[in-house]
Amino acid sequence: MENEVKLTAKDFSSDQEVKWCPGCGDYSILKQMQSVVPELGIERENIVFISGIGCSSRFPYYMNTYGMHSIHGRAPAIASGLKATNPDLSIWVITGDGDGLSIGGNHLIHLLRRNVDLNVLLFNNQIYGLTKGQYSPTSEEGKRTKSSPLGSLDHPFNPLALALGADATFVARSIDRDPKHLRDILAKSHLHKGTSFIEVYQNCNVFNDGTFLNFSDKKLKDQHIIHLEEGQPLIFNQGKQGIRLNGLKPEVVSLEEGFSANELWIHDSSDATKAYILSRFFDDTMPRPFGIFYQEDRSSYEEQMIAQLERAKEHMGEGDLDDLLRGSRSWTVD
Amino acid sequence: MKETQALRKVTIHFAGDSGDGIQLAGSQFANTVALAGNDLSTFPDFPAEIRAPIGTVSGVSGFQINFGSEEIHTPGGRPDVLVAMNAAAYRKNFASLKPAGVIIVDPAGFDKKNLRLAGYDDEENPLDNKPADYQFYEIEVTRLNRDAMKDVDIPPRDRDRSRNMFVLGFIYFLYNRNLEVTLNFLEDKFKTKPTVLEANRKALQAGYNYGDTIEAITRYRIEKAKLPAGEYRNVTGNQALAMGLIAAAKKSGLELFYGSYPITPASDILHELAARKNYGVKTFQAEDEIAAISSAIGASFGGAIGTTGTSGPGMALKTEALGLAMMLELPLIVVNVQRGGPSTGLPTKTEQSDLMQAVYGRNGETPIPVIAASSPSDCFWAAYEATRIALEHMTPVIVLSDGYLANSSEPWLFPKAADLAEIKPPFRKETGTYLPYGRDEREVREWAIPGTPGLEHRLGGLEKEDKTGNVSYDPENHELMVKTRARKVALVAKDYPKTELIQGPDKAEVLVLGWGNTLGAIKVAVGEAINQGLSVAQLHLRYINPLPDDLGELLSNYKRILIPELNDGQLVRIIRDKYLVQADVLDKIQGKPFLAEEILEAIKKMVNYGE
């Protein structure tokens, strides 16, 4: 590690012109990524970005690392094959709500259950942007779009509940408009061994502007956001309100009216049941949690794959090609 | 008085319920005759259902073996011997038996219930009215086998399960074979189940001894075949294919990654490879066909040899990803073990109907090399050659096998690892300016692997600028790239060996042109036609795309071309399209391979038509 030149965000910016719409939330996510990676201590050549199709999936073109802009929904599968054969690479899957939850939904859940050691950034803008504004699997019911002029009939996915249901080992939420928080979550996801799933709320200012206003607007966000901090009580709205668990039922309580922090829910990201309850904070009655919902230390897929190969070599001996070709029953013709 | 008659070759068809252990008995017989030095070819034929309705014709499982003291090219046409464990097996197969053939039946399989299930009318039992001229061995297998089980501590419901061994023992007696190979096999298989081992051993011995007690019985002797000298083994197509992939990975120094989703009849490749973890093979049972090929693309991006295998319906699902691999210009092997189509079709039956799909079935201008295997052991060479092309030309390659090749077996004069050709992928190692889509004189780009400092680059499915690989919508560039990728694939043909006839004269009336599993049946048919004085030759294609550069000239030496295919005419269209020659198809779409006699008849018709 001596003689190492310290890289900066600029070193991770490719020579390609960034072509997202002006004002798109993707710019912020790209910027945070470019400024976080130099801090992670990984050589540029050992980083790979793999994406599918959609606005977010142009991301790899803008990172001066290895990368692949693949086909719609399949990035998790491609990344799995890459990681299985190159376990030392730091692999980042960039996907969106359409790419990751609709056409590629199957691959995403299977990636999570296998726990391949890579990071998934799901840019959720609750709309199809690249095809110009149809409802997505995270769009709210009744949403009027070009393909749902009378309102969408589809019940939306709750991405984090889905990830927890697939036994993901690292589940977090962040937002494009909070750079510091996003950088922090990106860095922590890198440290996690296993699949890290990060939902990033991302504003599509052309087709779905303001859909996350409650969580980005200065005046609104205090009442609507709750930041999850390990070992800390669930407090929001500038310390005025908190969350208490009544059995398994979460309740919003006022800290100004008699409740103390001691009575509140203390965030424990190793508790799967509580993580699930948090993931259901999904309507206007509860503040929306941001941060790490859940993390668990579980052996990664490729780690186990390599161990299995090693065991096989120990038990059966390193395979010899001539033995394989000969098989167990051969005979000689003179 | 026991006579022994010498024969040059024999075809036996074992048939019974899918739970009767027919495949096991058949494959044991194959191993025994192989070790005894006969040449052989086998063809298992089983229902798609795991346990189809017991006793019915649709539940009949069959295993045919053709073995002899001469070279054997097919599993045989009409069998000489039919082993029918029940009425349904008899009903399904009697008609295809050779006139005056041998029939071995167990009357217990012809009781009222079995007759009804097999669809015979009340009171109609074919054993009561045996066709004349056939030689029947009506052996009370069930009863005799139960006698043999008397001293074995086996539950009554399991005592009939060793009937297949009883029958096998009898056949061993009939064909003068010893029991050693099967006894060794049983000992290994039932190592931990001593009672089952004893039951099977006793049954096998009892069947053999039974033959010995029959007074007037003719035994047969089939001498060793005169095969090229060397060391042989038996191999099925799927086994050979898996070994071809492992061998190619070893010889190229790359890791083998096989991503696959289980599908009949390709699953055995996954099983074979999954059992070879000590060879460093990484297998990945993906969540679906798309993930299977996508994971293989990821592995190839990372410098391994990414491979995937499937059958027709899975191939359809892989189509988009195949286009991506072609666009990225990464090596990739896609094996299609074809089965009857369209849609789910006939999962356990064979067909050659995915040829057009392999050559043309993608969006956009997407040429991909296609290689066809022509016998079970040739699956090894097809897989090896496909991997060589994929790695040395940086392209996905499709390998076409089929259900018949996959499950059939034959003796194989296997190669030595040291004699296999080297494979040299175009790795980019040195740093400095790297143009991901710069090319050599064969239009092949350099392969830079993630993890290599200084060669960071981005690939994608969008059209890319010549040399740099950056996204480009430039009209001229798109045309240039389409033409360049096509030329790259066309140049693969420069590596091919000279195209050689299988048999027959350099100029003749008729050329029988085949591809894939038809090789053996065409060999027999054309050999016979030549014996009969007909003007005919045989050529067989390994390379379907691109076709060999010398093929056009070769075809021009024949007035007419006959193309037997297990489809509705696919190669024939490609040949006509490319060479504007007079080519006709002999099609067969019955889920079964050709019989040599069917091809011979078509040759005769064509020669006569020409006159």
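## Chain A at a glance

The structure you are looking at is a predicted model. Let's begin with chain A, whose secondary structure comes to 11 helices and 12 strands. Taken along the principal axes, its C-alpha atoms fill a box of roughly 95 × 55 × 45 Å.

Chain A has 334 residues, and 46% of them count as buried. Among its contacts between residues at least 6 apart in sequence, 64% join residues at least 24 apart.

## A covered strand in chain B

Now find strand β13 of chain B, residues 332–338, where seven of the seven residues are buried. In a regular strand, side chains alternate between the two faces of the sheet. On one side of β13(B) sit B:Leu332, B:Val334, B:Asn336 and B:Gln338, on the other B:Ile333, B:Val335 and B:Val337, and both faces are covered.

Which strands pair with β13(B) in the parallel sense? One is β12(B), residues 305–310, which pairs with β13(B) over four bridges; here B:Thr308 has B:Val334 as its bridge partner. Another is β15(B), residues 396–402, joined to β13(B) in the parallel sense over seven bridges, with B:Leu400 as the bridge partner of B:Asn336.

In soluble globular proteins, nonpolar side chains tend to be buried together. The largest nonpolar core here has 195 residues, and those touching the most other members are A:Val171, B:Val399 and B:Ile603. Helix α13 of chain B, residues 378–393, gives the most to this core, with 10 residues.

## Where the chains meet

Across the interface, 52 residues of chain A are in contact with 58 residues of chain B. Which element supplies the largest share of the side of chain A that touches chain B? That is α2(A), with eight residues. The residues on this side of chain A divide into 21 nonpolar, 20 polar and 11 charged.

Strands also meet between the chains: β12(A) and β9(B), residues 230–236, run antiparallel and are joined by four bridges. To spot this pairing, look for A:Trp331, whose bridge partner in β9(B) is B:Tyr232.

Definitions and conventions. Residues numbered from 1 in each chain as written. Chains lettered and ligands numbered in written order. Predicted model: local features only at pLDDT ≥ 70, side-chain atom pairs only at ≥ 80, totals over all residues. Buried ≥ 20, exposed ≤ 12 C-beta atoms within 10 Å, placed from the backbone. Helix = DSSP H or I, 4+ residues; strand = E, 2+ residues; numbered from the N terminus. Pairing = 2+ DSSP bridges. Core = buried A, V, L, I, M, F, W, Y, C linked by C-beta atoms within 7 Å. Contact = placed C-beta atoms within 7 Å. Nonpolar A, V, L, I, M, F, W, Y, C, P; charged D, E, K, R; others polar.
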